[in-house]
Amino acid sequence: FGDAEPDEEVSDLEDDEGAAGAAAGASGTSAGGAMVEHDGRPEFAGPGTAASAIVLHEDKEHYPSAGEVYGPGVTTAVLDEDALDLDVPIVEPLKTKTFSLVEEPDGGIVSATVLDGAGGEGDEDHIVSEQYVTALLGNDTTLTRRGVALIGHLHAGKTTFVDLLLEQTKIKTDAFGERASMESQSGGSTGGAGPRITDTLVSEQSRGLSIKSTPITLCLPDTRGKSYAVTVVDCPGHPNFHDESAAALKCADGAVLAVDAVDGIMMSTEMVVTQAISEGLPLTLLITKVDRLLVELKLPPDDAYYKLRRII
């Protein structure tokens, strides 16, 4: 094959194609663009070459300017972060009020902090006085006092249930403003979650969940009208704080199991039930958030009944 001569027809065809391409390039240069110099090198600037142009990193525009966003006639000011003190944010957060329960000795009787801001005259809004509750607690027998651990999964409504029990001990049923289950008094991110009286830590109020077991003693009557000093221990429902529930069950006379009507039995629910059974405590089932079956799931009455029956 080394002695073979090139085909003359193929050579002529390649020459014709090269000439046609050169003519098209010349016509395109004269019609749509011109030769420009960039960094000392001649380049062709014309339509369709912007996408292939090389743009340096410092010349790139990742976001539109303020003039392009707001349009003409609008004055925009940009403040450097170095010109602002570190302790003053550009946008200040909303100020939320926090509270804490403080025990103050008063004549040998530990007085609870008044929740309605009435100072030392808080007994006027309660059905019974603090001295009466203290007498029930100081009884030699255990017939007038009970200890109950309120357990359940996270966000099952345990703290809100304590708010409702505390609301029943007041003469004015609207002592917290609106009902605890309808309106939040904290003004924070827990809208509609109630005052959350037993969330005494600032971290609990900001996160909207219980971290520590918090006891609260209430004077509650039974079906016959007999009053008892019931110490309700609001236990956290997060699995990471299961030790708080286990410690509360050690010193309780019984347990109230709160179960969400929609979520049903969760992992933490099984953990606390196993712990309560191992302690030999009687269990009372409390199904919360039943209205979610109608408002959120839009279940008819028959389906809602079977849903609750399955939980039980």
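A network of salt bridges links Asp-260, Lys-289, Arg-292 and Glu-296 in this predicted model. Asp-260 belongs to strand E8 and Arg-292 to helix H8 (residues 292–295), so that the pair, 32 residues apart, links distant parts of the chain. Both Asp-260 and Arg-292 are buried.

**Other salt bridges**
- The structure holds seven salt bridges.
- One of them joins Glu-244 and Lys-212, with N and O 3.5 Å apart.
- Glu-244 lies in helix H6 (residues 242–250), whereas Lys-212 lies in the loop between helix H5 (202–207) and E6.
- Glu-244 counts as buried because its relative accessible area, 18%, is under 20%.
- Lys-212, with a relative accessible area of 44%, is partly exposed.
- Arg-224 and Asp-222 form another salt bridge, their closest N and O atoms being 3.6 Å apart.
- Arg-224 counts as exposed because its relative accessibility, 70%, is over 50%.

**Nonpolar cores**
- The largest nonpolar core has 16 residues, and Leu-150, Ile-216, Leu-218, Val-230 and Val-232 have the most contacts inside it.
- Elements giving two or more residues to this core include strand E5 (145–152) and helix H4 (158–168).
- Beyond its neighbours within four places in sequence, Val-232 is in contact with residues including Val-148, Val-162 and Leu-165.
- Another core, of 14 residues, lies apart from the largest one and has Val-233 and Leu-257 among its members.

**The chain as a whole**
- The chain has nine helices and nine strands.
- Buried residues make up 27% of its 312 residues.

Key. Residues numbered from 1 in each chain as written. Predicted model: local features only at pLDDT ≥ 70, side-chain atom pairs only at ≥ 80, totals over all residues. Heavy atoms only, no water. Helix = DSSP H or I, 4+ residues; strand = E, 2+ residues; numbered from the N terminus. Buried < 20%, exposed > 50% of the residue type's maximum accessible area, 1.4 Å probe, protein only. Core = buried A, V, L, I, M, F, W, Y, C linked by side-chain atoms within 4.5 Å. Contact = heavy atoms within 4.5 Å. Salt bridge = Lys/Arg side-chain N within 4 Å of Asp/Glu carboxyl O.
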